[in-house]
Structure formats: structure tokens, C-alpha cells
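Let's take a walk through this fold, one piece at a time. Have the model open beside you as you read.

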Amino acid sequence: MLKLTSAERSELRSQAHGLNPVVLISEDGLKPSLMKEIDLNLNAHGLIKVRVFGDDREARIAIYETICEKLGAAPIQHIGKLLVLYRPQKDAVKEHSETRGRGMREVTIVKPSPSGTKRPSVTKVMVKGNERVTQGGNIKRAKPRQKSSKKSALGR
């Protein structure tokens with residue numbers, strides 16, 4: 001189980017205030033499929049709320065402690081039927097390259113024969129990120145976005 005200071009817990013409680021519960025646990029209790037779902041949400045979000053349906057307070061506390069022990073999460077808050085859990089996210093953040101736009105991609109162009117009786121011609125072409133294939137099978141470069149002279153004069 002992850003240990004946090006009271007200041008860290010307080011900060012996470014304030015962040016969790018606006019969150020909605022992402023996992024709902026029925027009165028049947030904790031099942032392996034629910035543990036997997038909680039684990040997926042902790043990986044995706046880091047800080048989640050879980051709603052436990054059931055009136056037994058001791059059962060809710062037991063579920064809370066079980067989740068924290070098995071998944072390595074930190075207990076943040078337990079108010080009524082809401083549980084707030086935190087586990088730091090892994091550093092698997094995708095970094096964007098400095099170049100803008102998409103790279104080269106291969107596009108298949110199928111043109112029907114002029115007479116209509118022969119096979120259509122099939123060609124594979126490499127298209128740049130700022131190019132597109134028209135309805136007729138031609139390659140056109142994307143036009144730059146038009147800029148308003150009024151907005152540029154106002155500094156927007």
C-alpha cells in the first residue's frame with residue numbers, strides 16, 4: 001500500500017472533488033473483473049472515485065483496504081459510499097515530435113478504365129502529410145487556412 005503525507009492527501013482530495021465515480025461496486029462485493037477495471041482506471045487516470053452500493057460500513061472499509069493492498073494504491077478518502085483512490089501513473093506519456101503534421105503514408109488509387117469494360121487501374125502512391133487524394137484520383141496539396149484581415153488587425 002502506498003503511503004502519502006497528509007498534505008499530499010489533502011491536495012488529492014481537492015482534485016478528486018469534481019470527479020465522478022468511474023467504477024460501481026454492487027452489493028455482491030468485490031469480484032476479479034472489478035479489480036481489473038479499477039486497475040485499468042488507476043493506470044489511465046491515477047486518481048479515481050469508486051462507489052460502493054451496500055449499507056454495511058465494515059464491508060465497505062474491507063473492500064477499500066483490499067483494493068489498496070492488492071493494487072498498490074493509496075487510500076485518499078472514504079465518505080459514505082464513495083472511495084477515493086490514488087496511484088501514480090507510469091511515465092508512458094507519448095512525446096510529440098517537433099515537426100508538425102503527419103508523415104508519409106501509402107494510398108491506393110483505383111481508377112476505372114476509360115471504356116468501362118476493362119479492369120480498373122490500381123496504383124499505390126506515397127502521399128505527404130499535407131496532401132490529399134481527390135475524388136478523381138489526383139493528388140492535391142492542402143491549402144493554407146485563410147486569415148481574416150480584421151482579426152489580424154485586432155491582434156487575434
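Which residue in S4 does Ile-79 stand opposite? Ile-79 faces Leu-82 there. Before going on, note that this is a predicted model, where local features need pLDDT of at least 70 and side-chain atom pairs count only at pLDDT 80 or more, while totals for chains, interfaces and linings use all residues. Residues are numbered from 1 along each chain as its sequence is written, and side-chain values use heavy atoms, with hydrogens and water left out.

S3 (residues 74-79) runs antiparallel to S4, joined by five bridges; pairing here takes at least two bridges found by DSSP. Helices (H or I, at least four residues) and strands (E, at least two) are DSSP runs, numbered from the N terminus. Two residues separate S3 and S4 in their hairpin, and Gly-80 in the turn has a positive phi of about 60°. S4 (residues 82-86) also pairs with S2 (residues 47-52), again antiparallel and over five bridges, with Lys-49 opposite Val-84.

Now for helix H2 (residues 32-45). Leu-34, Met-35, Ile-38, Asn-41 and Leu-42 are buried, that is, under 20% relative accessible area, with exposed meaning over 50% and partly exposed in between (1.4 Å probe, protein chains only). They sit on the same side of H2 because they cover an arc of only 130° around the axis, taken from the directions from the helix axis to the C-beta atoms. Pro-32, Ser-33 and Lys-36 are exposed on the other side. After H2 comes Gly-46, with a positive phi near 85°.
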